[in-house]
Amino acid sequence: MSDPRNDAHAKKVSQEKKHAKDEPVGSPGTPAASVPDEPASLVPNAALEGALVVLAQLKDLEFHSRANLERLAELALTVEDELKQKKLVVPLGEVYSAQSLVQTKLTALLEAYKAECDRMQG
């Protein structure tokens, strides 16, 4: 699976190339008719593409956070049941709780950011 950041960059480059090719040329001293409209049309697209890159990064963070949470649960079971290291169960549980809180907040942020991206897309 390709990296969404690479896909977004390739799309942006191809749009810029197409835009440069389609840009009307005015006579010398006369600005082209579409020049004033260009910044207005490119800004939302650039903002949307940037937001989609951030969304992909947040999804990646959430995935790794969930994996860390699962791994901490496995380690807690190993430490408590197999290794019988009762002194380390409480500190490991505290780390698990902290990671769980991070996971919860990250999931909420991801949902809010996705809603914002959907709003930007129209």
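How many residues apart are D118 and K114 in helix α3, and about how many helical turns separate them? Keep that in mind; the tour returns to this pair.

**The whole chain**

Start with everything shown as a cartoon. This is a predicted model. Color by secondary structure. The protein chain has three helices and zero strands. From the N terminus on, the order is α-α-α.

The accessible surface comes to about 9100 Å². Carbon and sulfur atoms hold 61% of that surface. Of the 122 residues, 16% count as buried.

Next, think about contacts along the chain. Take those with a separation of 6 or more: 73% of them are between residues 24 or more positions apart.

**Helix α2: select E62**

Select residues 37-82. This is helix α2, and E62 is found in it. Show the side chain of E62. Is E62 buried or exposed? E62 is buried, because its relative accessible area is 10% and the cut-off for buried is under 20%.

Leave aside the neighbours within four places in sequence. E62 is then in contact with Q103, L106, T107 and L110.

The side chains of E62 and R66 meet in a salt bridge, 2.7 Å from N to O. The two side chains are also joined by a polar contact of 2.7 Å. E62 and R66 are four residues apart in helix α2, so about one helical turn separates them. R66 counts as partly exposed, at 35% relative accessibility.

**Helix α3: end to end**

Select residues 86-121, helix α3. Draw a distance between its end C-alpha atoms. The value is 52 Å. The helix has 36 residues, and at 1.5 Å a residue they should span 52 Å, so the two values agree.

Color the buried positions next. In α3 these are L92, Q99, Q103, L106, L110 and C117. Q103, L106 and L110 were also among the contacts of E62.

Step past the end of the helix. α3 is followed by G122. The phi of G122 is positive, near 105 degrees.

**Back to D118 and K114**

Select D118, in helix α3. D118 forms a salt bridge with K114, and their closest N and O atoms are 3.3 Å apart. Here is the reply to the opening: D118 and K114 are four residues apart in helix α3, so they are separated by about one helical turn. An α-helix has 3.6 residues a turn, so residues three or four places apart point the same way.

Check how open each partner is. D118 counts as partly exposed, at 36% relative accessibility. K114 is partly exposed as well, at 38%.

Now look across from D118 to L48. How many residues apart in sequence are D118 and L48? They are 70 residues apart in sequence, with 9.4 Å between their C-alpha atoms.

**Last stop: E116 and R119**

Select E116 and R119. Both lie in helix α3, three residues apart, about one turn of the helix. E116 counts as partly exposed, at 33% relative accessibility. R119 counts as exposed, at 56%; the cut-off for exposed is over 50%.

To finish, show the salt bridges together. A search of the whole structure finds four.

Terms used. Residues are numbered from 1 along each chain as its sequence is written. This is a predicted model: local features need pLDDT of at least 70, side-chain atom pairs count only at pLDDT 80 or more; totals for chains, interfaces and linings use all residues. Side-chain values use heavy atoms; hydrogens and water are left out. Helices (H or I, at least four residues) and strands (E, at least two) are DSSP runs, numbered from the N terminus. The expected span of a helix is 1.5 Å times one less than its number of residues. Buried means under 20% relative accessible area, exposed over 50%, partly exposed in between (1.4 Å probe, protein chains only). A polar contact is a pair of N or O atoms within 3.5 Å; within protein, one must be able to donate a hydrogen and the other to accept it, and residues adjacent in sequence count only if both atoms are side-chain atoms. Contact means heavy atoms within 4.5 Å. Accessible areas come from the Shrake-Rupley method with a 1.4 Å probe; for residues, only the protein chains shown count as cover.
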